[in-house]
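Dear colleague,

Please find below the structure that I am handing over to you. My notes on what was found in it follow directly after.

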Amino acid sequence: MDTSLAARVLDRAAREGDRTAVELPRTPGSPGHSLTYGALAGAARDLAAELHRRGARPGDTVALVAASVPELVVALLATAGAGLVCAPLDDAQPPARIRTAMRVAGAGIALVASPERASYWLAELGEQAVLVGSGPPRGDAGQPPGDAGQPPGFPVPVAAQDPAYLLFTSGSTGVPKGVRVAHGPFARHCEVAAEAYGLTPGSVTLQFASPGFDVALEEIWPTLLSGGRIVLRGGGLWSLPELLDVTAAHGITMWQLPTAYWTLLGAEAAVRGDLRPPSSLSTVLIGGEAATTAAARRWLGSPMGAVRLLNAYGPTEGVVTSTLYEVPREDGALPPGEILPIGRPLPGRSCLVLDGELRPVPPGGAGELFVTGPCLADGYEGDGAATGRAFPTLPDGRRAFRTGDLVTESADGVLVYHGRRDRQLKISGVRVEPGEVEAALADCAGVTAAAVTVAGEGDRSRLVAHVVLAEPPGDPARRAGALRGELAGRLPAAMVPARVEFHDRLPRTVNDKVDHHALATPGRYREGGEPVTTGATAAAPSAATAPPAPPPAAAPPAAPTAGAPVREFARTLAQAELADAARELAALADALDTATAVPERPAPVPGWVEVTGEGEDAAVSMVPAGVSRLYEELCRIADPVRLRAAVVLLLNLSVRLQQVPGGAQAAAAVMQCGAELAPVLEAVNGGAPPLVGRAALQLTVEDEQVLLADEQARWITAELDRLPPGPRRRSVLGLAALAEQLEADPDATRAAQALRTVAADAARALEEEIR
């Protein structure tokens with residue numbers, strides 16, 4: 001096996017240089033871009049020469065601050081071909097975290113592969129930054145570099161044990177851990193992945209993952225080795241119809257999606273039975289967190305179920321993907337249990353289920369999963385102690401990685417995930433060590449003690465911060481927002497707590513350690529008085545203080561009713577596994593039906609809505625606790641795709657409620673939930689203002705038509721003009737998606753057209769600015 005992946009790709013470029021290697025789809029904010037294998041090789045060779053002139057030598061580590069753009073692929077090929085160790089980082093991460101990662105990696109150079117944020121990162125990183133282009137870099141005199149700067153022997157020969165890349169995960173000590181992977185294990189994995197996923201020269205892979213995830217490497221390298229084509233997501237967050245359109249337009253054959261995003265797409269596919277996969281799409285690969293059998297059943301029951309579905313599992317230390325499960329498509333063939341199996345180990349690995357004494361657990365028994373074999377990481381950069389703990393030598397002499405995941409293994413070797421043995425969790429597919437968040441909280445101004453707990457399960461998990469301040473918070477909501485803003489400047493978005501609770505002091509165990517269990521148990525901890533609880537805004541109470549959800553609503557009447565659109569929205573949320581919000585919206589639908597169906601004063605739904613007035617004047621209102629409960633449920637969504645969808649759904653619901661007799665106050669309350677989601681959406685979008693939520697606030701109804709006020713359109717345009725290109729492009733995409741959602745409502749076509757005009761004008765201005 002040739003361990004130099006770069007050499008193999010460059011060899012293909014020499015033979016098939018005119019073949020398209022990389023594509024970036026055209027969007028309202030981008031004209032699109034493509035590279036042939038020959039152009040990719042030339043740009044990579046020139047970038048390697050520039051790095052050589054900057055003093056980078058084989059074996060050195062270079063950071064790569066990147067977006068999902070063609071320049072990302074150029075940089076990966078250049079660093080691999082130059083024998084450098086690449087440390088990819090998402091360009092949406094805070095500068096403080098980028099600098100910490102560079103310090104841990106020992107990287108003195110940072111490649112910037114982010115055209116839309118290039119000026120920002122060049123200013124932040126100064127002399128350490130090298131801008132990546134998809135063409136030849138320019139020298140100081142404005143001329144292409146000459147042969148004198150060419151690194152000798154490009155591509156540089158590499159040995160199997162030479163490090164190839166360094167990927168950062170959350171660290172329990174407060175500092176991100178750099179996982180070092182060598183060329184040999186990664187090259188082996190790329191070959192295995194290409195075979196398992198059925199990649200060929202005719203394959204077209206969607207590159208969806210953030211560049212800071214190892215999944216992005218798996219999307220790119222095996223496809224290039226197979227001679228296929230990569231279609232990059234760019235900065236867009238697509239709905240299922242948009243994703244299907246891009247897939248059909250570019251002939252995409254494989255999606256590799258985060259489980260949470262796939263779950264949302266499955267809910268959309270189940271509700272809209274007219275969405276069908278393009279003929280090119282043959283494989284959908286999901287992973288990043290546990291998938292439920294209920295979500296798989298919905299997917300298989302929709303037209304999307306005709307496509308091969310694979311559930312992947314793998315820690316970064318196991319070199320991307322360790323196990324794979326092909327979901328059966330036959331009726332009744334799904335396995336029992338709530339969680340979809342993670343399958344069997346891929347070639348290059350063995351999986352062992354062991355007890356606390358490192359002894360094998362009998363089939364069917366629960367134990368910790370250990371991964372062994374040649375496809376393992378070397379360890380953690382600069383941390384021999386942590387490497388020793390995570391990669392023990394088993395009694396039989398084999399080196400293994402202890403995953404910390406609890407699994408069972410069936411008699412035929414199929415593994416099922418059952419949770420963690422420690423505090424580590426995943427939020428939106430991002431691995432999170434609560435200890436790192438606690439360390440960041442402790443460094444915030446005025447914080448004397450801090451702890452982090454987890455609320456919710458699976459893809460609904462979110463972090464809750466418990467904080468003791470040197471002085472009382474005064475306005476808890478404002479103080480919580482300031483804390484979350486400070487954390488957003490240090491941590492990735494998924495690691496910023498969704499809620500903050502202030503305490504006089506934290507509970508302790510008999511061993512004088514923070515009692516996380518007491519903090520996480522509603523009603524358990526009351527020492528020092530009731531904790532003051534707040535989420536991203538003052539509208540979010542703790543789950544402990546919210547009223548219990550009402551029972552599921554009865555089946556809707558056959559005739560159309562005032563509550564029908566609300567009930568439809570509730571069903572959509574239920575499909576997306578937001579059960580609490582779905583039940584509460586169903587209760588609201590019942591209240592609307594009651595308020596508008598009979599002349600007598602309707603009976604209220606206890607604890608969530610109230611009805612005022614009588615007869616034709618009867619109106620339904622959401623009590624503050626009900627608004628807070630709905631917000632609390634939606635605030636659990638840390639994934640920006642699902643958040644954007646939630647904001648759009650809330651807008652649709654509010655617009656419809658405005659036209660329902662007695663529903664005006666409820667419409668305003670639901671819209672307020674969308675507005676209160678704005679700070680959360682802003683945090684997960686890396687600081688991009690959530691124009692989707694804020695622009696919705698001034699939609700009005702006139703002559704049964706939903707309108708966008710002229711002053712609101714001007715305000716949106718002014719807000720867009722203030723943004724740098726990257727966030728502006730994301731906001732333009734959000735406005736376009738919002739317009740598409742509004743167009744589905746015949747009464748909202750004028751507002752949709754107004755939004756489309758604003759988005760189109762902003763896109764043209766952005767394109768001219770980039771030129």
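Predicted model: local features only at pLDDT ≥ 70, side-chain atom pairs only at ≥ 80, totals over all residues.

The strands concerned are β16 and β17, the latter covering residues 367-372; they run antiparallel and are joined by five bridges. Both belong to an open sheet of four strands, in which the order is β16-β17-β19-β20 and the pairing is antiparallel. At its edges lie β16 (350-354) and β20 (415-420), each of which pairs on one side only. On average, and with direction ignored, neighbouring strands of this sheet are turned by 50° against each other.

As to the protein chain overall, it contains 24 helices and 30 strands. Of its 771 residues, 59% are buried. When contacts between residues at least 6 apart in sequence are considered, 67% of them join residues at least 24 apart. The chain exposes about 29,600 Å², and 52% of this area is supplied by carbon and sulfur atoms.

Neighbours within four places in sequence aside, the residues in contact with Leu-64 include Leu-72, Leu-76, Cys-86, Pro-88, Leu-111 and Ala-113.

Yours sincerely

Key. Residues numbered from 1 in each chain as written. Heavy atoms only, no water. Pairing = 2+ DSSP bridges. Helix = DSSP H or I, 4+ residues; strand = E, 2+ residues; numbered from the N terminus. Axes fitted to C-alpha atoms, helices over the stretch in contact; angles between N-to-C directions. Buried < 20%, exposed > 50% of the residue type's maximum accessible area, 1.4 Å probe, protein only. Contact = heavy atoms within 4.5 Å. Areas by Shrake-Rupley, 256 points an atom, 1.4 Å probe, with all protein chains shown as cover.
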